Amino acid sequence: MMNCKQATALLSQQMDRPLTLRERMSLRFHTMMCSGCSNFDDQMHDLRHITRVYAKGRDITEDEETGRGSE
C-alpha cells in the first residue's frame with residue numbers, strides 16, 4: 001500500500017511525466033482514501049493553472065469568467 005510520501009511524490013511527478021498504469025491505479029486508490037493527499041492534488045492543479053494564467057499575462061479574475069478548462 002502506498003504511503004503519503006510516495007503519493008505526494010507521484011502527484012508531483014505526474015505534472016512532468018505520464019505515470020504508468022500501476023502508478024495511476026495506486027495513486028487513485030490512495031487519494032480516494034486520503035483527504036490530505038487529495039487536497040494536495042487539488043492544490044497542485046490550482047497552482048499549475050494559476051501560473052499558466054500568469055505566464056500568459058492574464059489576470060486570474062479574467063480567466064475565472066471563462067472557466068478553468070482553457071489550459
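Among contacts in the protein chain between residues at least 6 apart in sequence, 43% join residues at least 24 apart; a contact here means heavy atoms within 4.5 Å. The model is predicted, so local features require pLDDT of at least 70 and side-chain atom pairs count only at pLDDT 80 or more, whereas totals for chains, interfaces and linings use all residues. Residues are numbered from 1 along each chain as its sequence is written, and side-chain values use heavy atoms, with hydrogens and water left out.

The protein chain contains 4 helices and 0 strands, and its elements run α-α-α-α from the N terminus on. Helices (H or I, at least four residues) and strands (E, at least two) are DSSP runs, numbered from the N terminus. Of the 71 residues in the protein chain, 24% are buried. Buried denotes under 20% relative accessible area, exposed over 50%, and partly exposed the range in between (1.4 Å probe, protein chains only). The protein chain exposes about 5,400 Å², and carbon and sulfur atoms supply 55% of that area. Accessible areas come from the Shrake-Rupley method with a 1.4 Å probe; for residues, only the protein chains shown count as cover.

The largest nonpolar core has 8 residues: Met-2, Ala-7, Leu-10, Leu-11, Leu-19, Leu-27, Cys-34 and Cys-37. Helix 1 provides the largest share of this core, 3 residues. A nonpolar core is defined as a set of buried Ala, Val, Leu, Ile, Met, Phe, Trp, Tyr and Cys residues joined through side-chain atoms within 4.5 Å. Leaving aside residues up to four places away in sequence, Met-2 touches Ala-7, Leu-10, Ser-26, Leu-27 and His-30.

Two cysteines belong to this core, Cys-34 and Cys-37. A disulfide is a covalent bond between the sulfur atoms of two cysteines. With a disulfide taken as a pair of cysteine sulfur atoms within 2.5 Å, the count comes to 0 disulfides. Cys-34 is in no disulfide, and the nearest cysteine sulfur, that of Cys-37, is 3.7 Å away. Cys-34 lies in the loop between helix 2 and helix 3 (35–55). The C-alpha atoms of Cys-34 and Ala-7, 27 residues apart along the chain, are separated by 9.8 Å.

Met-1 lies in the segment before helix 1 (4–13), while Met-32 belongs to helix 2 (residues 21–33). Not counting residues up to four places away in sequence, Met-1 touches Gln-6 and Phe-29. The C-alpha atoms of Met-1 and Ser-26, 25 residues apart along the chain, are separated by 7.7 Å.

A salt bridge is a side-chain nitrogen of Lys or Arg within 4 Å of a carboxyl oxygen of Asp or Glu; by this rule the count comes to 1. Arg-17 forms a salt bridge with Glu-23, the closest N and O atoms being 3.0 Å apart.

Relative accessible areas for several of these residues are listed below.

| Residue | Relative accessible area | Class |
|---|---|---|
| Met-1 | 81% | exposed |
| Met-32 | 61% | exposed |
| Arg-17 | 30% | partly exposed |
| Cys-34 | 16% | buried |
| Cys-37 | 3% | buried |
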